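Hi everyone, thanks for coming. Let me put the model up on the screen, and then I'll walk you through a few parts of it.

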Amino acid sequence: MVTGHDGSTTGTTGSKKRFVLTILVLSPAPATVLPKLKKIGCVSVQEQRTGKVVHLWRMAAEPSLGPKSVMFVCLGNICRSPIADCVMRHLVKERNLSGWTVDSSGTGSWHVGSPADRRAQQILEAHGVDSTHTAKQIKKKNFSEFSYIFGMDEQNISDLKRLAPANSPAKIELLGDYDPQGEKIIRDPYYDSDTAGFEKVYEQCLRCCTAFLEKVESKK
């Protein structure tokens, strides 16, 4: 039986305050009740008579790089994610926006230390976008640093969710979820024999990054 709750401020992020919700129970809460309590924001369940905490959920920390931080991820970090990374940086610079942290990485380590694929560089430079890039592999700490971590396809998302620590504050999503044309998957053009696939990746990333940037900036 739930008899009351106590909301207390534990910290602030900007002007928004975070509250801890503690539920006091006369007897141990049934297992079926716990998911419902968690859903409404409860972080602990406490016995009223003894004050003993009988269930506790950890609160996810705020991303250390702030709300305007994004990491793009693909398999090797030399084709799709560097294009998205460079396009996003270009848009931020072009619009003279501040407070953004943009980066990219791969789920695998095969190309660590390498520049972007020459075809990716060629396409970016053809569109006047700086193609400077050094490939790296995603690290555990990135999941607590970035607010958004975008995969390019379903395999990337599966890998990212497997690698993410418990209670990671990062939102793991498909970059294609932001495509106004509805193309959710950004196909890997690595094995293509020409640059056509890289051009398509650029166009998709431009649409998605533009829509994402506008959405986040509109929250001000």
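The buried residues of helix 3 (residues 118-126) pack against helix 2 and helix 6 (196-217). Which residues of helix 3 are buried? They are Arg119, Ala120, Ile123 and Leu124. Looking down the axis of helix 3, you'd find these buried residues within an arc of 135°, so they line one face of the helix. That arc is taken from the directions from the helix axis to the C-beta atoms. The face turned away from the buried side carries the exposed residues Arg118 and Ala126. Buried here means under 20% relative accessible area, exposed means over 50%, and partly exposed is in between, using a 1.4 Å probe and protein chains only.

At the start of helix 3, a side-chain oxygen of Asp117 comes within 2.8 Å of the backbone nitrogen of Arg119. Just after the helix, Gly128 has a positive phi of about 75°.

A quick word on the ground rules. This is a predicted model, where local features need pLDDT of at least 70 and side-chain atom pairs count only at pLDDT 80 or more, while totals for chains, interfaces and linings use all residues. Residues are numbered from 1 along each chain as its sequence is written, and side-chain values use heavy atoms, with hydrogens and water left out. Helices (H or I, at least four residues) and strands (E, at least two) are DSSP runs, numbered from the N terminus.

Now to the annotated site. In an unreviewed entry, UniProt lists Cys74, Arg80 and Asp188 under "active site". They are spread over 115 residues of sequence, yet they cluster in space, with a largest C-alpha distance of 8.4 Å. Do keep in mind that UniProt positions are given in the numbering used here, feature names are shortened, and annotations may be inferred rather than shown by experiment.

Let's take Arg80, which sits in helix 2 (residues 80-94). Is Arg80 buried or exposed? It counts as buried, at 2% relative accessibility. Its side chain reaches the backbone oxygen of Ile186 at 2.9 Å, and it also makes a polar contact with the side chain of Asp153 (2.9 Å). A polar contact is a pair of N or O atoms within 3.5 Å; within protein, one must be able to donate a hydrogen and the other to accept it, and residues adjacent in sequence count only if both atoms are side-chain atoms.

Cys74 lies in strand 5 and is buried too, with a relative accessible area of 3%. Leaving aside neighbours within four places in sequence, Cys74 is in contact (heavy atoms within 4.5 Å) with residues including Arg80, Met152 and Asn156.

Last stop: strand 7 (residues 148-151) and strand 8 run parallel, joined by four bridges. Gly151 stands opposite Leu174 in strand 8. Two strands pair if DSSP finds at least two bridges between them.
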